[in-house]
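Open your viewer and get ready to click along. We will go from one stop to the next, selecting as we go.

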Amino acid sequence: MRIAAALVALLIAAPSLAVTPSEQLKDPVLEARARAISAGIRCVVCQNQSIDDSDAPLAHDLRVIVRERLVAGATDAQAVQYLVDRYGSYVLLKPPLEPATIALWFAPLAFVVLGGAGVVYYVRRRAPSATVAPLSAADAAAADALLRQDRI
């Protein structure tokens, strides 16, 4: 049981082990800035992981570049822009709204709207188009007679 708990703890902690001690800066303020920047940069190999969480060699290189830029005196925005200039806005986990990213931002909404319209269309087609006429007195009497026969 203890071994299983230890394995689960290691699996949960695995993403936090992506940044190696050799990458970390000695200045805790710069390291905190580097971590904040790295959390918003996409690993272009892993695609949906930040470079802070990825063990890929390219993510390591990007983390080193971010730290080098910060040590050189770049602002956070300049360090991010350096990576965007090299890899495009795809490298950002939250890309800006630009003509090239409109589909990325609005495609999910379009799918929801189209799906909702499809559901409305389907429900309306299945609904009876004609209203049901009330039973005449003769038909009601015949139905009552049939129901009484089943009870006997």
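Predicted model: local features only at pLDDT ≥ 70, side-chain atom pairs only at ≥ 80, totals over all residues.

Residues are numbered from 1 along each chain as its sequence is written, and side-chain values use heavy atoms, with hydrogens and water left out.

**Stop 1: two helices.** Select residues 57-71, helix α3, and residues 76-87, helix α4. Helices here are DSSP runs (H or I, at least four residues), numbered from the N terminus. Their axes, lines fitted to C-alpha atoms over the stretch in contact, with angles from 0 to 180 degrees between N-to-C directions, come within 9 Å and cross at roughly 140°.

Now show the side chains where they touch, with contact meaning heavy atoms within 4.5 Å. Among them are L58 and L62 in α3, and Y82 and L83 in α4.

**Stop 2: R67.** Stay in α3 and select R67. Is R67 buried or exposed? At 3% relative accessibility, R67 is buried (under 20% relative accessible area; exposed is over 50%, partly exposed in between, with a 1.4 Å probe and protein chains only). Beyond its neighbours within four places in sequence, R67 contacts residues including E23, E31 and S38.

**Stop 3: C43 and C46.** Select both cysteines. Their sulfurs are 3.4 Å apart, too far for a bond, since a disulfide needs sulfur atoms within 2.5 Å. The disulfide count is 0. C43 is buried at 0%, whereas C46 is partly exposed at 32%.
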